[in-house]
Each structure stands twice: as structure tokens, then as C-alpha cells.
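Let's read a protein model together, one feature at a time.

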Amino acid sequence: MTEKTWRYGCLFCRTGVETTIAGYINQTITDVEAVAPTRTRRKTIAGKPVEDQVQLLPGYIFFRTETDEQITQLTRITNVLKLLQYDKLLKSSYLRRRTGR
């Protein structure tokens with residue numbers, strides 16, 4: 001049995017459409033799993049407890065995929081503003097500092 005190699009990433013999108021975009025990605029793009037984390041907020045209105053879902057990180061969608069081709073598809077979705085990533089030079093210098101190499 002072969003094990004999948006996943007690439008993880010984060011998309012920056014318009015605030016308020018995170019759940020919609022994550023659902024769209026999960027339904028239409030194969031081999032990509034997307035999530036827009038939410039939390040349950042509890043409050044009291046007129047003496048009655050009310051629960052609602054709010055975005056844990058507004059404007060961010062986390063995903064995992066198998067190939068770079070699918071990442072290109074993700075950046076073309078309406079209301080996705082940007083793929084968040086390290087600059088290769090910045091990433092390599094950071095890793096050198098952390099590992100001492």
C-alpha cells in the first residue's frame with residue numbers, strides 16, 4: 001500500500017466567505033481537502049443562551065493537496081486573494097539559522 005505525500009498550505013481570502021470557499025474546494029477539486037476553522041460562541045440575549053459559529057481565523061483557509069497543479073487551481077477561485085507561502089530565499093536562510101547549517 002502506498003502512502004500519500006501531502007503538501008499543506010494556507011489561502012488568504014475575503015473575510016466572511018471562508019466557509020463557502022472551503023466547501024467549494026472540497027466539492028469541486030479532487031485530492032484537495034480544505035478547512036476554515038470555526039468555534040462556537042455562546043452568549044445570552046434577552047436572558048436566553050444562544051450559540052453561533054464564528055471564524056477562528058477570519059480570512060484564512062487551510063488546505064492539503066498532493067500536487068502543485070491543484071494549488072494553481074486554488075488561486076483562481078473568486079474571492080481568494082493570495083496563496084500564503086515562504087519566499088524560497090527567506091525560508092532557506094531561516095532554516096539555516098535554526099539548524100546551524
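Strands and an aromatic pair

Q: Which strand pairs with S1 over four bridges?
A: Strands (E, at least two residues) are DSSP runs, numbered from the N terminus. Two strands pair if DSSP finds at least two bridges between them. Here S1 and strand S6 (residues 80-84) pair in the antiparallel sense over four bridges. Leu 11 stands opposite Leu 83 in S6.

Q: What should I know about the model first?
A: The model is predicted: local features need pLDDT of at least 70, side-chain atom pairs count only at pLDDT 80 or more, and totals for chains, interfaces and linings use all residues. Residues are numbered from 1 along each chain as its sequence is written, and side-chain values use heavy atoms, with hydrogens and water left out.

Q: How many bridges join S1 and S5?
A: Six, in the antiparallel sense; S1 covers residues 7-13. In S5, Tyr 60 is the bridge partner of Phe 12.

Q: How do I read a pair of aromatic rings?
A: Use the distance of the centres and the angle of the planes. Rings of Phe, Tyr and Trp (its six-membered ring) pair if their centres lie within 6.5 Å; planes under 30 degrees apart count as stacked, over 60 as edge-to-face and the rest as tilted. By this rule there is one aromatic pair. Phe 12 and Tyr 60 form it, tilted, at 5.4 Å centre to centre and 50° between the planes.

Q: Why does the pair tie together parts that are apart in sequence?
A: Phe 12 lies in strand S1 and Tyr 60 in strand S5, so the pair links parts 48 residues apart in sequence.
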